[in-house]
Amino acid sequence: MRTGLGGLLNRVTIRDVAELAQVSQATVSNYFHKPRKLSDATRERIRQAVETLGFVPNDAARMLRTGVSPVIGYVAFELASATTPEIAAAIERRVSARNMYLLMANDTGSRERERDYLQLFEQQRVSGIIISPVGDVEEELARLRRRGIASVLSARRASSAEQASVSTDHVAGSRLAVQHLIDLGRRKIGFVASALDLQQVADRQRGALSVIETVPDATFEIISVPERTVEAGIACAERIAARAPGDRPDALFCVNDLLAIGVIQSFVTGGRIRIPDDIAVMGYDDIEFAQSTVVPLSTVRTPHAQLGEAAADALFDEIASLRDPDGTGEGRTVPHIEFAPELVVRASTAGA
């Protein structure tokens with residue numbers, strides 16, 4: 001190990017680790033970036049050397065040498081959503097399989113915070129970005145693409161033909177939900193939703209209205225909530241229960257399962273409104289807890305894990321295209337993957 005002026009210890013290098021572990025520097029590099037290439041005994045020798053010396057790999061230096069960052073950025077608009085962890089876990093599995101790393105950010109529903117994270121990832125020169133946006137970020141992503149940073153829109157279909165995206169057809173999903181309620185004879189449909197400026201929410205409203213408009217005696221009421229949580233669903237249900245019976249909807253289509261679970265919890269606890277006899281309740285997403293509520297929840301299933309995996313795979317294709325030595329990848333087909341949702345009928349609409 002080398003010392004500098006005044007006998008101070010210089011920064012530990014990969015060569016120091018290799019000498020102590022009695023392996024080559026290339027083997028130490030494989031320990032960090034391609035560990036499956038090494039035997040268990042070799043990995044253990046290197047691990048002990050790294051721990052003894054306190055070595056920290058310099059990924060910035062690696063990137064300067066190779067021109068490749070080992071980092072993927074993921075910006076989620078709603079970490080509190082029950083679907084985000086499953087999507088993120090699927091992305092992480094794909095990223096880890098490439099011996100890369102995932103940095104996850106939460107924009108908390110703020111367009112400003114969203115832009116800040118995109119700028120941060122640009123400064124860090126990540127290899128690519130997956131983003132479930134609040135606002136319109138396609139122009140910014142196009143600028144990043146020109147700078148060599150690939151991107152994929154997640155949970156929203158891109159407007160631009162040049163921007164890769166992976167999404168679910170939320171218009172079709174909400175059509176399934178509302179048509180199911182109409183087929184059950186429900187005519188006073190309440191749509192429980194937060195801000196409609198989020199495209200996924202607006203798409204679900206649009207799909208619902210496309211069904212209502214075909215049924216002459218059906219009505220559609222937008223019931224606003226401040227957020228898409230169980231607590232907001234409980235508060236919404238309390239307001240509905242306080243109405244006169246003739247003024248209540250006979251069905252509620254909640255924009256996500258968390259809201260619907262809160263509604264069910266409140267109605268059952270209050271005891272004044274029977275599900276589905278008085279009010280049928282429909283959710284959206286089919287999260288893990290949807291079928292285990294006190295009244296199992298009818299909902300629209302969206303493929304969360306498949307969406308995350310597809311987003312990661314599409315991003316790696318975009319990264320490879322930008323690194324194509326033949327040019328910019330012009331003329332290639334940019335992926336716009338859209339999953340079809342599925343209606344799941346349970347007791348909250350169809351009874352026991």
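Reader: Which strands does helix α8 lie across?
Author: Helix α8 (residues 170–183) lies across β6, β8 (251–254) and β9, and runs at about 170 degrees to β8. Helices (H or I, at least four residues) and strands (E, at least two) are DSSP runs numbered from the N terminus. Angles run from 0 to 180 degrees between N-to-C directions, with axes as lines fitted to C-alpha atoms, for helices over the stretch in contact; contact means heavy atoms within 4.5 Å.

Reader: And what does helix α9 touch?
Author: Helix α9 (residues 199–212) packs on the sheet and touches β6, β7 and β8. Its direction makes about 160 degrees with that of β7.

Reader: How far may I rely on the model?
Author: This is a predicted model, in which local features need pLDDT of at least 70, side-chain atom pairs count only at pLDDT 80 or more, and totals for chains, interfaces and linings use all residues. Residues are numbered from 1 along each chain as its sequence is written, and side-chain values use heavy atoms, leaving out hydrogens and water.

Reader: What is the strand order in the sheet of four?
Author: The order is β7-β6-β8-β9 in an open sheet with parallel pairing; two strands pair if DSSP finds at least two bridges between them. β7 (219–224) and β9 (280–282) are the edge strands.

Reader: How many bridges join β6 and β7?
Author: Six, in the parallel sense; K188 has T219 in β7 as its bridge partner.

Reader: Turning to the sheet of six strands, what is its order?
Author: This open sheet runs β2-β1-β3-β4-β5-β11, with parallel pairing.
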